Amino acid sequence: MEIVRRDKLDAVDAQREFRARQLRAKQMLRGELEGAELERHVGQGVITTTLDRALDWARGNSMFPATFGLACCAIEMMTMVGARLDIARIGSEAFRASPRQADMIILSGRISIKMAPIIRRIYDQMLEPKWAIAMGACSSSMGVFNNYAIVPADKFMPVDVHIPGCPPRPEALMHGILRLRSMIHDDPALGWRKRYNAEGTEEVLSGIDSESDAAVNVLGSGDTAGA
């Protein structure tokens, strides 16, 4: 990979500079560049990285989503391959019909209790490493269907990114996929508490371990409104 920083040039100068870089690259391959000229060419056109970061870069730019939709959010998910958003820009346009060829699943819609074990079976059959996105309020927190028949996705499988909305716009899904890509690249975005220096402002419940997650929940663990 060659990355060169230079000032904006007109068409003639840009073509001349491109031709000169091609000649220097050929000279370097033939062993004709030496000394300071070789060091200058390597410093301008070569970057180094680790194997792990290279693998993460390849994985983050070639995610294969499973062809899987649950409810109304799936209609928004289908527009990702269209010309307006064009998810092919980040190499994720190849929706796979088999979980054995997919490494990302988008849970686009409400999840019933009867559907949960089927989704878990599909997730277990996917390639490693694999990722999951809960798209919409229903799969994230049961949304408007807050009753005994619906279950949030993170109750029965690991979820990497939650996308709010009912249904979320395709742009929101694209933002979630980009956030997931940043996580895969080992460059996760900061949470809002860390970004706005709001750590220590959490509301805590009395009588709980301070080292555990002290976020306030209206309902107790395992409870659902309407159960």
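Strand S2 is largely enclosed by the rest of the structure, because 5 of its 5 residues are buried; buried denotes under 20% relative accessible area, exposed over 50%, and partly exposed in between, with a 1.4 Å probe and protein chains only. Trp 131, Ile 133 and Met 135 point one way from S2, Ala 132 and Ala 134 point the other way, and all are buried. The model is predicted, so that local features need pLDDT of at least 70 and side-chain atom pairs count only at pLDDT 80 or more, while totals for chains, interfaces and linings use all residues. Residues are numbered from 1 along each chain as its sequence is written, and side-chain values use heavy atoms, with hydrogens and water left out.

The chain has 8 helices and 3 strands, these being DSSP runs numbered from the N terminus (helices: H or I, at least four residues; strands: E, at least two). Along the sequence, the elements follow the pattern α-α-α-α-β-α-β-α-β-α-α. Of the 227 residues of the chain, 29% count as buried. Among contacts between residues at least 6 apart in sequence, 72% join residues at least 24 apart, where contact means heavy atoms within 4.5 Å. The average pLDDT of the chain is 76, and 66% of the residues score at least 70; pLDDT is the predictor's confidence in each residue, from 0 to 100. Over residues 210–227 the pLDDT is below 50, and this stretch has 15 contacts in the model beyond near neighbours in sequence.

The 3 strands of the open sheet are arranged in the order S1-S2-S3, with parallel pairing; two strands pair if DSSP finds at least two bridges between them. Strand S1 (104–108) and strand S3 (161–163) form the edges, each pairing on one side only. From one strand to the next, the twist averages 15 degrees, with axes taken as lines fitted to C-alpha atoms (for helices over the stretch in contact) and angles running from 0 to 180 degrees between N-to-C directions.

S1 and S2 (residues 131–135) are joined in the parallel sense over 5 bridges. Ile 105 has Ala 132 as its bridge partner in S2, and Ser 108 stands opposite Met 135. On the other pairing, S2 and S3 are parallel over 3 bridges, with Ile 133 opposite Val 161 in S3.

S1 is also mostly covered, with 5 of its 5 residues buried. Both of its faces are covered: Met 104, Ile 106 and Ser 108 are buried on one side, and Ile 105 and Leu 107 on the other. Together with helix H5 (residues 116–124), S1 and S2 make a right-handed β-α-β unit; a crossover is right-handed if, with the strands pointing away from the viewer, the path from the first strand over the helix to the second runs clockwise.

Ser 140 is located in helix H6 (residues 137–141). This residue counts as buried because its relative accessibility is 17%. Its side chain reaches the backbone oxygen of Ala 134 at 3.4 Å. Leaving aside neighbours within four places in sequence, Ser 140 is in contact with Ala 134, Pro 152, Asp 154, His 162 and Ile 163.

Notes. A polar contact is a pair of N or O atoms within 3.5 Å; within protein, one must be able to donate a hydrogen and the other to accept it, and residues adjacent in sequence count only if both atoms are side-chain atoms.
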